[in-house]
Amino acid sequence: MAVKFGTFTLALACALSSGLAAAQETTPEPPVAHEDRLNAILWQMSSAEYEGAARTAYLAARLALDDALKDKTRTAAPEQTGDVSKLPPAIIMDIDETVLDNGPVQVHMLLDAKTRPGELMSHWFDRAVAKPTPGAVEFIQYAQSKGVMIFFISNRNADKEAATRRNLEAVGVKLPADIDTVLLEKERPEWQRDKGLRRAEVVKTHRVLMLVGDDFGDFVSAWNKPSPERRAVAAEHSARWGRDWIMLPNPMYGSWENAAINFNFRATPAERLRIKRDTLKAFDSGE
Ligand SMILES: [Mg+2]
């Protein structure tokens, strides 16, 4: 199927609501999971608040970078131990919703209930037209100007490496020719969804100044734990946030949502919605 991604404007809200109405006319059961994402996608695609949140994260990253360069004993990677002071500096960044903004394909997935999400994502990655997240390219260029190597650890599949490199270069990210800094899922057989092994690879040769991502799995291998445990681990690392670990907002998808449905990927859209509602009911609203 031919998929076109148009330019999204302030008319997005109208397009979304009319698109949803059309989808409801042709879909046997209400696309509850799709509606579930409406506000999240709208926020990322159209809000000044998203622009502000992303730029705040990258300003924090820039300030933290200056400090991290001075203190050669510091490392941001949980996998890195021992004397790191002689190693050249690096930053590990995620790609999707961290450096590249996939809001447009999320809109497409919301409106197109017929095409499988995997097909839409594959087509979108191949086109390599994602725009940068606010502040990302300026931060990367600043870090590179200080002699810091940027490694990208992404769970895009290895077969998307050429397209991913094209997209990064198209938004102004320079990639070195002599070393592979784009480390994707299954690029080696042991490189699976968990990013810990790829971080462990980077720390063999570099001191990691900072981790930048939009998903808990971009920082620590506790992303696959139940929600309360993930939250507790995030709190345990309170001294790292905004310093060693920089989190970009992503309300659209992520391991937070998978944890919220207890990683029950077989659940139907209606079941997923019910699990989420039951989770919220467990909180005492005080009303
Ligand atoms: Mg991401």
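Is phenylalanine 263 buried, exposed or partly exposed, and how many C-beta neighbours does it have inside 10 Å? I shall return to that residue after a word on the model.

Colleagues, the structure above is a predicted model. The protein chain has a mean pLDDT of 89, and 87% of its residues reach 70 or more. Residues 1-30, however, have a pLDDT below 50, and beyond near neighbours in sequence this stretch makes 25 contacts in the model.

Now to the opening question. Phenylalanine 263 counts as partly exposed, because 13 C-beta neighbours lie inside 10 Å. The residue sits in the loop that joins α11 (255-260) to α12 (269-281). As background, most residues other than glycine have a negative phi.

Glutamate 97 also has a positive phi, near 65°, and is likewise not a glycine. This glutamate belongs to the loop between β1 (89-93) and β2 (100-101). Glutamate 97 counts as buried, because it has 25 C-beta neighbours inside 10 Å, the threshold being 20 or more.

Let me finish with a pair of helices. The axes of α3 (residues 38-46) and α5 (residues 103-111) approach within 10 Å and cross at roughly 150°. The two helices are therefore roughly antiparallel, since angles over 145 degrees count as such. Their crossing is left-handed. On the α3 side, Leu38, Ile41, Gln44 and Met45 make the contact, and α5 contributes Gly103, Gln106, Val107 and Leu110. By class, this contact comprises five nonpolar and three polar residues, with no charged ones.

Note on methods. Residues are numbered from 1 along each chain as its sequence is written. This is a predicted model: local features need pLDDT of at least 70, side-chain atom pairs count only at pLDDT 80 or more; totals for chains, interfaces and linings use all residues. pLDDT is the predictor's confidence in each residue, from 0 to 100. Two residues are in contact if their C-beta atoms, placed from the backbone, lie within 7 Å. Helices (H or I, at least four residues) and strands (E, at least two) are DSSP runs, numbered from the N terminus. A residue is buried if 20 or more other C-beta atoms lie within 10 Å of its own, exposed if 12 or fewer, and partly exposed in between; C-beta atoms are placed from the backbone. Axes are lines fitted to C-alpha atoms, for helices over the stretch in contact, and angles run from 0 to 180 degrees between N-to-C directions. Angles under 35 degrees count as roughly parallel, over 145 as roughly antiparallel, 65 to 115 as roughly perpendicular and the rest as oblique. A crossing is left-handed if the near helix is turned anticlockwise from the far one by less than a right angle, and right-handed if clockwise. Ala, Val, Leu, Ile, Met, Phe, Trp, Tyr, Cys and Pro count as nonpolar, Asp, Glu, Lys and Arg as charged, and the others, Gly among them, as polar.
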